[in-house]
Amino acid sequence: VQLQASGGGLVQAGGSLRLSCSASGGIFAAMGWYRQAPGKQRELVAVIAGGGRTNYHDSVKGRFIVSKDNAKNTVTLQMDSLKPEDTAVYYCNMRGYGSVDYWGKGTLVTVSS
């Protein structure tokens with residue numbers, strides 16, 4: 001299984017970006033996004049489970065929305081009201097039912113103040 005992410009870039013504070021990630025195959029228990037800022041550990045940003053239940057990092061609640069398309073094996077992260085502290089490399093993650101994790105290569109999101 002390979003994951004292909006797209007949609008990162010440079011945006012001003014208050015702006016929006018949309019990240020998308022598609023899997024080459026497989027069936028997944030959960031899909032989501034993590035991020036890693038310079039000098040910090042990777043952290044969960046948002047995840048959506050098979051039944052549609054979502055979970056978000058407290059810092060992005062009300063600003064980011066995660067969604068998925070099971071038929072297309074795609075997960076999307078809509079990011080609004082971006083802040084400079086959202087600057088990080090964002091990684092797509094998909095977890096199989098055997099708790100096997102698949103990762104995309106990462107896409108850089110830079111938010112300027």
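The model is predicted. Four strands make up the open sheet, in the order E1-E3-E8-E7, with antiparallel pairing.

**The open sheet**
- The edges of the sheet are E1 and E7, and each has a single partner strand, so one side of each lacks a neighbour in the sheet.
- On average, neighbouring strands of this sheet are turned by 15° against each other, direction ignored.

**Pairing of E3 with E8**
- E3 and E8 are joined by six bridges in the antiparallel sense.
- Across this pairing, Leu19 stands opposite Leu77 in E8.

**Pairing of E7 with E8**
- E7 and E8 also pair in the antiparallel sense, over six bridges.
- Asp69 has Thr74 in E8 opposite it.
- The two strands E7 and E8 form a hairpin, with four residues between them.
- In the turn of this hairpin, Asn73 has a positive phi of about 50°.

**The largest nonpolar core**
- This core holds 28 residues.
- The members that touch the most other members are Trp33, Val75, Leu77, Met79, Tyr90 and Met94.
- In soluble globular proteins, nonpolar side chains tend to be buried together.

Definitions and conventions:
Residues numbered from 1 in each chain as written. Predicted model: local features only at pLDDT ≥ 70, side-chain atom pairs only at ≥ 80, totals over all residues. Heavy atoms only, no water. Core = buried A, V, L, I, M, F, W, Y, C linked by side-chain atoms within 4.5 Å. Buried < 20%, exposed > 50% of the residue type's maximum accessible area, 1.4 Å probe, protein only. Pairing = 2+ DSSP bridges. Axes fitted to C-alpha atoms, helices over the stretch in contact; angles between N-to-C directions.
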